[in-house]
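Please look over the model below before reading on. My notes follow as numbered points.

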Amino acid sequence: DGNARVRNAAKASIVKMHRQIGPQIGTALERMNLDQKHRVAMKEVFEDAVPLSPRNPPTPKQRKQKASKSSPQRNIVKHKKKRSKFSKTSLEPVKIPEGKSSVPVPDGVKAVNVYSERDLSDEVKKIMATLSDVRNNGWSKRISALNRLAGLVMAGAHDIDNFIPLLKKNKDAIVEQLKDLRSAVVKHTCNVLAYMSSVMLNGLECIMEYVIPVLSKLNCVTIQVMSESADYCMSVLLTHTRCPRRAVGKILDMANAKAPVVRAKSLSYLTVLLNPGPTDLTKQLDTIVELLRKRVTDASAPTRAAARGCYSALAQRWPSRAEHLAASLDPKTQRYLTQGTTHSPPTSPRIVSAHSRTGSCGQLQPHAERKLKRMATVASVSPSRSSPKSKRENNMGKTWSHQTLRDTGAGTGSGSSTSRRSLLRRNQSTRQITTP
């Protein structure tokens, strides 16, 4: 058989039959057309096994002694099984080879054993049928189906040859759970994918190309549970599983997004990829260097800090490229990258528009409004110091107030007429109060 566990179980059953029947089992196996390699292996198995002679069966006294010796061991096994029932509800760390960090097992996951490829295909079809039918199956049924999928991986089903093709064929059902509107389903799907990545390692590469774009969109969601779960899942996937080229391109596109939070997160993911891991970034190295040159002088402070961490990871993996990048920057930015000073590097210049003095809908900013009030007060108080003015001088004062409004930028936007009328009324009321 292609599975090692099935072969070991077959050998154990042959040993038991040899002990009960004797060397007749060996003659029966010799009649079969076995290879030389399998014959040698069976001879070694028969040498280790000591057959029981049917002529001298064990006496009842010997059976009682054997049962008394084995009874405490049975009690110990039962006691251990009772303890394991309570430990399944807790988060048990999974031991990952090559010294990588452990990922907790999601809640409610139990090992699901299968013994053939046909049983595995039937089990995966049932799971994916439940996940794909969103209308008829509630969120609790879909979460239990995800738990069974993780249970297959826990039992070692990913070692069977047809598991990865089945997983890739039904990738849409898994991606659909990440797009669900319920935060509990999204969170549990992220935890299951993170656990599967920690166990399967590069075996989960078959769906990375389809999962990472959805996780990158979830990072922009305002619901904190979804965004944090997607961020955690993304970090674990990039740490344990090889990232395809298209998925790396999606992360690089996130670094050019308008939102500063998305830019900072994409640079943190790029730092994970630059650390020693399964992903090869040799072909994308030029694009990464040009991206860091832009983001080191970004207007957002978290983005600059993430770019600095990305630069340190680049310096550890490709020191020559990092030195060449630092040499092309100005001295202040070089000190920020190398020495780790608290002063931020010079940011890229921003163009201030002519309408920056006014807010949305043409309303004045506080500093412009204070200036306008001060000038209107001076214009209203000046006539009270002398004799009453003529109509011509009053009209000149009104013309001056109109010119003041135009200079301060109150005449722009949809609400300009409303703000102009209110300020003129305020000016007239102040002139009436101060006039003797």
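**Notes on the model**

1. Ser229 is buried, at a relative accessible area of 9%. Buried stands for under 20% relative accessible area, exposed for over 50%, and partly exposed for what lies in between (1.4 Å probe, protein chains only). Ser229 belongs to helix H11. Helices here are DSSP runs of H or I with at least four residues, numbered from the N terminus. Leaving out residues up to four places away in sequence, Ser229 touches Lys187 and Cys190. A contact is heavy atoms within 4.5 Å.

2. A word on the basis. This is a predicted model, where local features need pLDDT of at least 70 and side-chain atom pairs count only at pLDDT 80 or more, while totals for chains, interfaces and linings use all residues. Residues are numbered from 1 along each chain as its sequence is written, and side-chain values use heavy atoms, with hydrogens and water left out.

3. Met208 lies in helix H10, residues 205–218. Is Met208 buried or exposed? Met208 counts as buried because its relative accessibility is 1%. Lys171 is 37 residues from Met208 along the chain, and their C-alpha atoms are separated by 9.7 Å.

4. The criterion is NZ of Lys or CZ of Arg within 6 Å of the ring centre and within 35 degrees of the ring normal. The charged end of Arg308 sits over the ring of Tyr336, at 5.7 Å from the centre.

5. How many aromatic pairs does a search of the whole structure find? The search finds 0. A pair needs ring centres of Phe, Tyr or Trp (its six-membered ring) within 6.5 Å.

6. Check the backbone at Leu201. Its phi is near 55°, a positive value in a residue other than glycine. Most residues other than glycine have a negative phi. Leu201 is in the loop between helix H9 (183–200) and H10.

Note on methods. Rings of Phe, Tyr and Trp (its six-membered ring) pair if their centres lie within 6.5 Å; planes under 30 degrees apart count as stacked, over 60 as edge-to-face and the rest as tilted. Helices (H or I, at least four residues) and strands (E, at least two) are DSSP runs, numbered from the N terminus.
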